[in-house]
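Hi there,

Here is the structure I promised to pass on to you. Have a look at it first, and then read my notes below with the model open beside them.

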Amino acid sequence: MSSTNSKAPNVEIKYTQIFINNEWHKATAGKTFQVINPSTGEEICQVEEGTRVDVDKAVQAARKAFDIDSPWRKLEPVARGNLMRKLASLLRRDIEYLSKLETLNNGKSVQDSKGDIFFSADCLDYYAGWVDKMVGETIPGAQDQMIYTRHEPIGVCGQIIPWNYPILMMSWKLGPALACGNVIILKPAEQTPLTALYVASLCKEAGFPPGVVNVIPGDGPECGNAISVHQDIDKVAFTGSVEVGKKVQEAAAKSNLKRVSLELGGKSPLIICEDADLDHAVKLAHRAIFGNAAQRCTAASRTFVHSKIYDEFVARSIELAKKRVVGDPFDSSTEQGPQITAEQFERILGYIESGKKDGAKLECGGERVGKKGYFIKPTVFTNVKDDMKIAREEIFGPVMSILKFDSYEEVIKRANNTTFGLAASVVTKDLTRALTFAQRLQAGSVWVNDYDAVCNQAPFGGYKQSGHGRELGRYGLEEYYEVKTVVIKLI
Ligand code: NAI
Ligand code: MG
């Protein structure tokens with residue numbers, strides 16, 4: 001295990017400014033902010049810091065791009081789809097560069113960055129296929145009536161995204177919004193603006209008209225808030241914490257009642273039944289929590305294990321966690337890079353302390369790796385009880401919490417006893433049991449014998465405080481169009 005950054009190549013930083021109207025701009029207020037390499041804690045570069053004034057400028061550009069006579073609005077749906085496919089092909093063309101930039105800024109392994117970029121390109125292609133398939137309905141009315149519906153773009157869409165999957169979250173947001181013909185103001189997370197700015201340059205290269213995609217780096221309370229409260233933004237889509245999700249929805253309600261979709265956190269249960277293939281279950285549970293350094297809204301942060309297989313499962317899970325390779329994300333043998341910031345790093349260590357204090361048993365990990373960067377050892381807690389903080393709150397760090405259960409009735413209740421409802425999973429060979437769990441678990445996605453089985457064509461989103469609205473699939477489009485009803489009296 002090593003946390004040095006020796007293999008990091010010299011990645012050229014090409015774009016650090018604000019992207020409005022297909023042009024690069026300095027921040028109007030004249031400020032910049034630091035972007036940090038999480039593997040070292042050192043500065044990568046300074047980026048222009050967008051504020052309210054820059055958001056205003058972007059809204060003006062976007063509004064113009066959305067004029068009924070604009071080049072964007074006049075495009076045939078198929079031509080719109082072709083632009084999206086072109087953008088997807090540019091992501092694939094530049095995957096070597098873009099994956100290194102993502103890894104430098106985010107700390108995930110280069111292999112993981114590449115996986116995200118392929119997923120992103122496929123997402124844009126998937127939505128490009130929808131442009132000419134979004135049909136309305138004709139609806140039976142009175143004999144002298146003709147009724148039909150049209151799907152129309154909402155308009156200027158604000159999109160505020162997090163740092164855990166910078167390119168992927170951008171694509172999930174751009175795909176359905178562009179497919180429906182909207183125009184966009186996207187704010188990447190202040191921790192990870194670099195790949196979003198590069199993708200902005202690819203939007204221009206692909207041929208999107210000026211003002212269709214605008215990218216404003218900046219912080220949450222100023223730049224993100226300027227989007228949520230703006231009177232002339234028609235919709236805001238947000239992915240991030242529950243705390244900020246509530247602020248975004250409140251700001252939207254208090255300003256112009258813009259449409260809101262929220263994809264927030266989780267405390268997702270993974271339930272291992274007594275008939276599970278233990279080998280499969282142990283590996284699945286490991287990947288389900290530790291993948292992406294556990295910086296995932298779907299992270300399986302409550303692993304419920306049947307008492308009959310508990311001891312064996314625990315022993316094998318500890319063994320696997322101890323073997324996990326943590327270190328330089330540019331090293332091809334690395335499985336887990338650093339956490340994103342000093343703040344997240346401290347916060348996770350704080351949760352580990354609270355687990356110990358509350359009486360959970362720390363089986364392995366629980367401390368940092370190396371002396372610089374934000375690396376944390378894969379950590380396993382057993383003897384975790386439902387009311388402990390580590391079993392209730394989103395940790396967003398490499399901490400596996402194992403809880404024991406005896407009956408299926410009991411575990412369904414316990415799994416659902418949370419304010420979240422993003423994902424859940426059950427491992428069993430019994431079909432009836434699997435289907436019973438699938439029906440009764442309160443979560444936007446339920447996986448059986450699998451985890452994080454997220455794909456472009458199937459919807460993804462939360463129950464309860466994990467948010468509302470869906471991303472991906474046909475349902476994802478519904479967040480980005482208005483339905484107009486036209487009624488004609490045949491006189
Ligand atoms: P955050 O919710 O503060 O940040 C997410 C995005 O929201 C960023 O672009 C940020 O600039 C923006 N933002 C922050 N304050 C805002 C405001 N007042 N108005 C509008 N936009 C605002 O998340 P943060 O602080 O980075 O992480 C805190 C916790 O949130 C994590 O520990 C994790 O539990 C959760 N989280 C969940 C994510 C998910 O995928 N659902 C992603 C990132 C964080
Ligand atoms: Mg925050």
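This is a predicted model: local features need pLDDT of at least 70, side-chain atom pairs count only at pLDDT 80 or more; totals for chains, interfaces and linings use all residues.

The side chain of Glu190 meets that of Lys187 in a salt bridge, with 3.6 Å from N to O. Lys187 itself is buried, since its relative accessible area is 2% and buried means under 20%.

How many salt bridges does a search of the whole structure find? The count is 34. Besides the pair above, here are some others you can look up.

- Lys377 and Glu367 bring their side chains together in a salt bridge of 2.6 Å, N to O. This pair links distant parts of the chain, ten residues apart, and both partners sit in the loop between β14 (361-364) and β15 (379-382). Lys377 counts as partly exposed, at 24% relative accessibility, and Glu367 is partly exposed too, with a relative accessible area of 40%.
- Arg150 and Glu152 also form a salt bridge through their side chains, at 2.8 Å from N to O. Arg150 has a relative accessible area of 41%, so it belongs with the partly exposed residues.
- Asp279, Lys283, Glu312 and Arg316 are linked in a network of salt bridges.

**Two pairs of packed helices**

Two packed helices are described by the angle between their axes and the distance between the axes.

Helix α10 spans residues 278-290 and helix α11 spans residues 310-323; the two pack at an angle of about 50°, and their axes are 10 Å apart. What does that angle make them, oblique or roughly parallel? Angles under 35 degrees count as roughly parallel and those from 65 to 115 as roughly perpendicular, so α10 and α11 are oblique to each other. Their crossing is right-handed.

The second pair is helix α3 (residues 77-93) with helix α7 (residues 194-206), whose axes come within 9 Å and cross at roughly 130°. Roughly perpendicular ends at 115 degrees and roughly antiparallel needs over 145, so α3 and α7 are oblique to each other as well. The crossing of α3 and α7 is right-handed.

Tyr310 is part of helix α11. Is Tyr310 buried or exposed? Its relative accessible area is 9%, so Tyr310 is buried. Now find Ala299: it is eleven residues from Tyr310 in sequence, and the two C-alpha atoms are 20 Å apart in space.

Ala293 lies in the loop between α10 and β13 (302-306). Its phi is positive, about 55°, although Ala293 is not a glycine. Ala293 is buried, because its relative accessible area is 5%.

With 37% relative accessibility, Lys464 counts as partly exposed.

**A nonpolar patch, and a pair far apart in sequence**

Met146 lies in strand β6, which covers residues 145-153. Together with Ile488 and Leu490, Met146 makes a nonpolar surface patch of about 250 Å². At 36% relative accessibility, Met146 counts as partly exposed; that value passes the cut-off of over 30% for patch residues, so Met146 can take part on that score.

Arg470 is partly exposed, because its relative accessible area is 21% and buried would mean under 20%. How far apart are Arg470 and Met170 in sequence and in space? They are separated by 300 residues in sequence and by 15 Å in space, C-alpha to C-alpha.

Enjoy exploring, and write back with any questions.

Best wishes

How values were computed:
Residues are numbered from 1 along each chain as its sequence is written. Chains are lettered from A and ligands numbered from 1 in the order in which they are written. Side-chain values use heavy atoms; hydrogens and water are left out. Patches are made of residues with over 30% relative accessible area and no salt bridge: like charges are joined within 9 Å, nonpolar side chains (Val, Leu, Ile, Met, Phe, Trp, Tyr) within 5 Å. Accessible areas come from the Shrake-Rupley method with a 1.4 Å probe; for residues, only the protein chains shown count as cover. A salt bridge is a side-chain nitrogen of Lys or Arg within 4 Å of a carboxyl oxygen of Asp or Glu. Helices (H or I, at least four residues) and strands (E, at least two) are DSSP runs, numbered from the N terminus. Buried means under 20% relative accessible area, exposed over 50%, partly exposed in between (1.4 Å probe, protein chains only). Axes are lines fitted to C-alpha atoms, for helices over the stretch in contact, and angles run from 0 to 180 degrees between N-to-C directions. A crossing is left-handed if the near helix is turned anticlockwise from the far one by less than a right angle, and right-handed if clockwise.
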